[in-house]
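Please read it alongside the sequence and model shown here.

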Amino acid sequence: MAELDRFRDMLTETNAVMNLVGPDTLPDFWSRHAWDSAQLLEMEPEARTWADLGAGAGFPGLILAILLKGNPDAHVWLIDSLGKRCRFLSAVVETLKLPATVIHGRAEDQNDIDVDVVTARALAPMERLLGYAQPYLQRGAQAVFLKGERAGEELREARKSWQFTHELRPSQSDPRGRIVCIGSVRRVRPH
């Protein structure tokens, strides 16, 4: 809890000068951000290695790294294309000594990272998100994406370009939220 509190403090400080999350969401840190992220561990309890695509402010990646700290072989890759977000993520990882690596780059270009689970929150519509996640899925990862109330619509749209297996689960932290679990994925139409 102390490390989650410290992360919240660092996020609040940094958010005052750099927009990482909507300032109106900070009072709801525990339910909107922390619990929303933490519920993924319950869905993939055996997973030790994670890749958070478009890590942004660290949701769910930093929360996962904090909760996995001390577990053997646990590691989270936090991948983001924006340097200033990577600097924030690196500061949190270093301060809290988390089992995580920050990568400044595009998610779909990380061809040497093998993980148990690939995840993302508020990164892109499902059609694009599957393209970002495909390299990880082809190497055996499962995908667990945090989505909003439009998840079903996004899945229908993605089926125009992708063939995939999925399970849609309700979010424990927000009745409007959905968690999309993807098994296999294959492009059926060029983008």
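1. Contact here means heavy atoms within 4.5 Å; axes are lines fitted to C-alpha atoms, for helices over the stretch in contact, with angles from 0 to 180 degrees between N-to-C directions. Helices (H or I, at least four residues) and strands (E, at least two) are DSSP runs, numbered from the N terminus. The model is predicted: local features need pLDDT of at least 70 and side-chain atom pairs pLDDT 80 or more, whereas totals for chains, interfaces and linings use all residues. Residues are numbered from 1 along each chain as its sequence is written, and side-chain values use heavy atoms, leaving out hydrogens and water.

2. Helix α6 (residues 151-158) lies across β5, β6 and β7, at about 170 degrees to β6. Helix α2 (residues 29-43) lies across β1, β4, β5, β6 and β7, and runs at about 155 degrees to β5.

3. Seven strands form an open sheet of mixed pairing, ordered β3-β2-β1-β4-β5-β7-β6; strands pair if DSSP finds at least two bridges between them. Its edge strands, β3 and β6, each pair on one side only. β1 and β2 are parallel, with five bridges, and A51 has W77 of β2 as its bridge partner.

4. L53 lies in β1 (residues 49-53). L53 counts as buried because its relative accessibility is 0% (buried: under 20% relative accessible area, 1.4 Å probe, protein chains only). Among the residues that L53 touches, beyond four places in sequence, are I79, A107, V118 and Y136.

5. The buried residues of α4 include F88, L89 and V92; their cover includes α1, α3, β2 and β3. Just after α4, K97 takes a positive phi of about 50 degrees.

Key
Buried means under 20% relative accessible area, exposed over 50%, partly exposed in between (1.4 Å probe, protein chains only).
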